[in-house]
Amino acid sequence: MAAPDRLPPLDPATYTPEQEAAAADFRSRRKAEPFGPYGPLLRSPALMLEVEAVGRRLRYGSCLAENLKELAICLVARSFSQQFEWSVHAMEAEKAGVSTAILAAIAEGRRPDGMTDEETLIHDSVAELIVTKRWSDTTYDRILARYGERGAVEIPALVGIYSLLAYVLNVSRTPADGAEGLARWPE
């Protein structure tokens, strides 16, 4: 049995004026009440909006192609055993062209076989960042050669924002609703 959600979605009828303003801003973009990590973050409305803005910038305005960005996010989700984040982004990764074999390997905690050169670069650089908290000169030079200084900043920022969201989700124990059919791992 899963542990109970510590910070479940708030009832909109109980929002403070600040929460209502933040939720209205969120709704205007997402056409939904704050969900996932934004439900718990709504307890700090200004923080929720600022975190959502950074996440939106990196998710929708990144120098990375969609498949590579989603691959990176899936690596972060797996490194935190964050099932909600995984359930959302594994589907997005598959839609963006990441193979189910690559996603299955990541879910199992293995380095995938059969990656393209670009997938390998993103996988290995993100994995190195997760494990060592930095990049070697070799990795930095490879990222710089492919993505320039923008990539050398945006890739760690992408890892950082999705790590922040994973921490919030793990602390709040937000359930992974709708994750049926996706690769899961032991809790």
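Colleague: Which residues of α1 and α3 meet in this model?

Modeller: On the α1 side they are Glu-18, Gln-19, Ala-22, Ala-23, Asp-25, Phe-26, Arg-29 and Arg-30, and on the α3 side Pro-45, Met-48, Leu-49, Glu-52 and Arg-56. Keep in mind that the model is a predicted one.

Colleague: Why are α1 and α3 called roughly parallel?

Modeller: Their axes cross at roughly 20 degrees. Angles under 35 degrees count as roughly parallel, so α1 and α3 get that label. The axes come within 8 Å, and the crossing is left-handed.

Colleague: What makes you say that the buried residues of α1 line one face of the helix?

Modeller: Start with who is buried in α1: Gln-19, Ala-22, Ala-23 and Phe-26. Looking down the axis of α1, those buried residues fall within an arc of 100 degrees, so they line one face. What covers them includes α2 (38–41) and α3 (45–60).

Colleague: And how do you know that the length of α1 agrees with what it should span?

Modeller: α1 runs over residues 17–30, which is 14 residues.

Colleague: What follows α1?

Modeller: Lys-31 does, with a positive phi near 55 degrees. Lys-31 sits in the loop between α1 and α2.

Colleague: Why is Lys-31 called exposed?

Modeller: Exposed means over 50% relative accessible area. Lys-31 has 68%, so it counts as exposed.

Colleague: Which residue just after α7 takes a positive phi?

Modeller: That is Lys-133, with a phi of about 70 degrees. Lys-133 isn't a glycine either. You'll find Lys-133 in the loop between α7 (117–132) and α8 (137–172).

Colleague: Is Lys-133 buried or exposed, and what is the value behind that?

Modeller: Its relative accessible area is 61%. The cut-off for exposed is over 50%, so Lys-133 is exposed.

Colleague: Which residues of α7 are buried?

Modeller: Glu-119, Thr-120, Leu-121, Ile-122, His-123, Ser-125, Val-126, Leu-129 and Ile-130. They pack against α4 (66–79), α6 and α8. As for length, α7 has 16 residues and reaches 22 Å from its first C-alpha to its last, close to the 22 Å expected.

Colleague: Why are α5 and α6 called roughly antiparallel?

Modeller: Helix α5 (residues 83–95) and helix α6 (residues 100–107) pack at an angle of about 155 degrees. Over 145 degrees counts as roughly antiparallel, so that's the label for α5 and α6. Their axes are 10 Å apart, and α5 passes α6 in a right-handed crossing.

Colleague: Which residues make that contact?

Modeller: From α5, Trp-86, Ala-90, Ala-93 and Glu-94; from α6, Thr-100, Leu-103, Ile-106 and Ala-107.

Colleague: What do the buried residues of α5 pack against?

Modeller: Against α3, α4, α6 and α8. The buried residues themselves are Gln-83, Phe-84, Glu-85, Trp-86, Ser-87, His-89, Ala-90 and Ala-93.

Colleague: How do you know that the span of α5 agrees with its number of residues?

Modeller: With 13 residues at 1.5 Å a residue, α5 should span 18 Å. Its end C-alpha atoms are 18 Å apart, so the two agree.

Colleague: Back to α6: why does Ala-101 count as exposed?

Modeller: Ala-101 is found in helix α6. Its relative accessibility is 52%. Since exposed means over 50%, Ala-101 counts as exposed.

Colleague: How many residues apart in sequence are Ala-101 and Pro-112, and what is their distance in space?

Modeller: They are 11 residues apart in sequence and 7.4 Å apart in space, C-alpha to C-alpha.

Colleague: Last one: why is Ser-163 called buried?

Modeller: Buried means under 20% relative accessible area. Ser-163 has 12%, so it is buried. Ser-163 belongs to helix α8. Leaving out residues up to four places away in sequence, Ser-163 touches Val-76 and Phe-80.

Note on methods: Residues are numbered from 1 along each chain as its sequence is written. This is a predicted model: local features need pLDDT of at least 70, side-chain atom pairs count only at pLDDT 80 or more; totals for chains, interfaces and linings use all residues. Side-chain values use heavy atoms; hydrogens and water are left out. Helices (H or I, at least four residues) and strands (E, at least two) are DSSP runs, numbered from the N terminus. The expected span of a helix is 1.5 Å times one less than its number of residues. Buried means under 20% relative accessible area, exposed over 50%, partly exposed in between (1.4 Å probe, protein chains only). The arc is that of the directions from the helix axis to the C-beta atoms. Contact means heavy atoms within 4.5 Å. Axes are lines fitted to C-alpha atoms, for helices over the stretch in contact, and angles run from 0 to 180 degrees between N-to-C directions. Angles under 35 degrees count as roughly parallel, over 145 as roughly antiparallel, 65 to 115 as roughly perpendicular and the rest as oblique. A crossing is left-handed if the near helix is turned anticlockwise from the far one by less than a right angle, and right-handed if clockwise.
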